[in-house]
There are 4 protein chains.
Amino acid sequence: MEVEELVERLRSFAQVRDWEQFHNPKNLVMALTGEVGELAELFQWLTPAESARVMDDPGSAERVRHEIADVLAYLLRLADVLQVDVVSALADKITVNEAKYPVDLARGSAAKYDQL
Amino acid sequence: MEVEELVERLRSFAQVRDWEQFHNPKNLVMALTGEVGELAELFQWLTPAESARVMDDPGSAERVRHEIADVLAYLLRLADVLQVDVVSALADKITVNEAKYPVDLARGSAAKYDQL
Amino acid sequence: MEVEELVERLRSFAQVRDWEQFHNPKNLVMALTGEVGELAELFQWLTPAESARVMDDPGSAERVRHEIADVLAYLLRLADVLQVDVVSALADKITVNEAKYPVDLARGSAAKYDQL
Amino acid sequence: MEVEELVERLRSFAQVRDWEQFHNPKNLVMALTGEVGELAELFQWLTPAESARVMDDPGSAERVRHEIADVLAYLLRLADVLQVDVVSALADKITVNEAKYPVDLARGSAAKYDQL
């Protein structure tokens, strides 16, 4: 429900501005790329330890929160135009990965861990 | 609730595999980048019109659904380790953007439309 | 020689600013990601046909030229710190791909064309 | 000359396979995104220190070298179809940045260092 509500607000936001003409999947994937790039810029010069403290500073916390929101926005728009239910898509993927990466074999190793 | 449930499944998935050591924000942003890159590869040679029909073929539909799930997975993991509530972050962002892009001025123009 | 000269100017640029401390490969890959994201933002709402005319407008031509330069800058910095000779790396890759994608089989089809 | 030779080999590679139809700037930017994503995947779980030793292992050195080559390939193809001279674009950018980041002010600080 909560995700569906965001999806509907985003759809309506685009509709009333006549921006649906720009929101084909190809364009939305590019827009998603751009937003992830902005997120990367916030972290690029930080050490891993610094990255873990990024929310301690109110200014950088706000920027990170905004960029995460932007990434989610385009991901939900993309899923909406493709009629993908993101929640069930991810739930299914987790189930698949639980089988793919058995706890005993995967423990503590990033070696074969290319994907979630 | 539904998002929180996914967040908890992902957290537990990492915990039991002792993968939390790899899940600092910097690493997760890079992993997000990688997944968005895989999504881009599915769309790179398609025309916008072809991209809109990508779900018609069961094989490509499955691949797109998986990649969208992977992007969401890392985005939720990132938000979790940063203690960002993605749903409220996006809800707030939409409210801000509704003021920033007034319907009358924004209609039909992508000109100043850098961000959602 | 011309690429080596750029590599040396970039190295010196970082050295005299004491920025080499930030230029480990992981950080440089993230910086590259950020710049490619900025490039993507310039093209995200354009149709393929519009993208082919992007240099007709002096303002957008300048932005595209700058972003391409930024991407190349971080790619050359990355290759430099890893001691990769980019020119020979690409020359070798083209030779490999000429064998991998025989002209007769590959002609006009993007089907199996995931990578250059 | 050496870059121009690579540009010409890449152009010819695309021409004889009739792949120029796919190589509009929008598509090439997406392809570049995909390749940078593959590069990010090689570094995502490494610490900065591990990333600095990535060439010590012959297998990972080979993968990194290939991905750097792929990124350069699409960057050069993009510049070619846009008729951008990448070498002079970057040389100009470095000159601009030398003025923008004076050595005395910039030394040792990544603070305002968003771009090279």
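Which residue of chain D forms a salt bridge with C:Arg65? The partner is D:Asp92, and the closest N and O atoms are 3.0 Å apart. A salt bridge is a side-chain nitrogen of Lys or Arg within 4 Å of a carboxyl oxygen of Asp or Glu.

This is a predicted model, in which local features need pLDDT of at least 70, side-chain atom pairs count only at pLDDT 80 or more, and totals for chains, interfaces and linings use all residues. Residues are numbered from 1 along each chain as its sequence is written, chains are lettered from A in the order in which they are written, and side-chain values use heavy atoms, without hydrogens and water.

**Chain C with chain D**

| Item | Value |
|---|---|
| Residues in contact (heavy atoms within 4.5 Å) | 76 residues from chain C, 76 residues from chain D |
| Buried area (accessible area, 1.4 Å probe, lost on being put together, summed over both) | about 6,700 Å² |
| Salt bridges | 6 salt bridges |

Carbon and sulfur atoms hold 68% of that buried area. On the side of chain C that touches chain D, 46 residues are nonpolar, 14 polar and 16 charged. Here Ala, Val, Leu, Ile, Met, Phe, Trp, Tyr, Cys and Pro count as nonpolar, Asp, Glu, Lys and Arg as charged, and the others, Gly among them, as polar.

**A buried arginine**

The side chain of A:Arg17 does reach the backbone oxygen of A:Phe13, at 3.1 Å. A:Arg17 also touches chain B residues, including B:Asn97, B:Tyr101 and B:Arg107.

Key. Buried area is the accessible area (1.4 Å probe) that two parts lose on being put together, summed over both. A polar contact is a pair of N or O atoms within 3.5 Å; within protein, one must be able to donate a hydrogen and the other to accept it, and residues adjacent in sequence count only if both atoms are side-chain atoms. Lists of a residue's contacts leave out its neighbours within four places in sequence.
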